[in-house]
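Here is a briefing on one protein model. Please keep the sequence and the structure in view while reading.

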Amino acid sequence: MIRGRPMLAAIRPRGKPEGLWALPKGKIDPGERPEATAVREVREETGVEGTLVEKLGDVKYTYTRRGGVRVFKIVSFYLVAAGRGRLGEIEERMRIEVAEARWLPLEEAPKLLAYGGEREMAKKALGRLDA
């Protein structure tokens with residue numbers, strides 16, 4: 001919350017155009033639980049330490065890699081409450097992945113996020129906070 005308004009920490013991935021906002025996400029490390037991955041990825045990509053609240057849901061999609069190989073992917077999203085840290089203060093090694101981090105008003109996130117599945121997760125988060 002910033003000035004009583006729920007906010008969402010979004011990133012602009014390196015190489016993407018200005019104004020393209022996405023949610024932090026990444027691969028699960030060996031032996032790591034998905035919930036721990038969510039908290040770690042938020043910290044690594046935004047600079048903000050978070051506390052897991054709950055799972056919001058999964059987004060499933062298929063894409064084609066170079067060479068024509070089709071890949072089916074499931075991405076799990078979690079509601080994470082912000083704690084310590086400063087948005088955008090990330091380790092240098094993460095700058096190859098993240099060009100920018102920004103707070104977006106949660107109520108505007110379903111319009112501002114670039115990807116449909118992520119917009120849907122923002123709507124779910126908004127619904128959880130309204131409940």
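Predicted model: local features only at pLDDT ≥ 70, side-chain atom pairs only at ≥ 80, totals over all residues.

Residues are numbered from 1 along each chain as its sequence is written, and side-chain values use heavy atoms, with hydrogens and water left out.

**Helix α1**

- Helices (H or I, at least four residues) and strands (E, at least two) are DSSP runs numbered from the N terminus.
- Helix α1 holds 13 residues, 34–46, and at 1.5 Å a residue it should span 18 Å. The expected span is 1.5 Å times one less than the number of residues. The end C-alpha atoms of α1 are 18 Å apart, which agrees.
- Buried means under 20% relative accessible area, exposed over 50%, and partly exposed in between (1.4 Å probe, protein chains only).
- The buried residues of α1 are T37, A38, V39, R40, E41, V42, E44, E45 and T46.
- Their cover includes β1 (7–13), β2 (48–64), β3 (70–85) and β4 (98–105).
- G47 follows α1 and has a positive phi, near 90°.

**Aromatic pair**

- Rings of Phe, Tyr and Trp (its six-membered ring) pair if their centres lie within 6.5 Å; planes under 30 degrees apart count as stacked, over 60 as edge-to-face and the rest as tilted.
- The count by this rule is 1 aromatic pair. Y61 and Y63 have ring centres 6.3 Å apart and planes at 40°, so the pair is tilted.
- Y61 counts as partly exposed because its relative accessibility is 33%. Y63 is partly exposed too, with a relative accessible area of 30%.

**Nonpolar cores**

- A nonpolar core is a set of buried Ala, Val, Leu, Ile, Met, Phe, Trp, Tyr and Cys residues joined through side-chain atoms within 4.5 Å.
- The largest core has 17 residues; L8, A10, F77, L104, L106, A109 and L113 touch the most other members.
- At least two residues of this core come from each of β1, β2, β3 and α3 (116–130). The most come from α3, with 4 residues.
- Another core, of 5 residues, lies apart from it and includes I11, I90, M94 and V98.
- Contact means heavy atoms within 4.5 Å. Leaving aside neighbours within four places in sequence, L104 contacts P6, M7, L8, A10, W21, L112 and L113.

**Largest pocket**

- A pocket is an open set of points on a 1 Å grid over the protein atoms alone, where a 1.4 Å probe fits, with protein on both sides within 12 Å along at least five of seven lines; lining residues have an atom within 4 Å of a point.
- The largest pocket has a volume of about 1,100 Å³. Its lining counts 39 residues, and P24, V42, F77, Y78 and V80 are the closest to its centre.
- β1, α1, β2, β3 and α3 each give at least two residues to this lining. The largest share, 10 residues, is from β3.

**Loop between β1 and α1**

- G26 sits in this loop. G26 is partly exposed, at a relative accessible area of 42%.
- G26 and R12 are 14 residues apart along the chain, and their C-alpha atoms are separated by 14 Å.
- D29 is in the loop between β1 and α1. D29 is partly exposed, with a relative accessible area of 37%.
- Leaving aside its neighbours within four places in sequence, D29 contacts T37 and R40.

Technical notes
Points joined across faces, edges and corners; volume = space filled by probe spheres on them.
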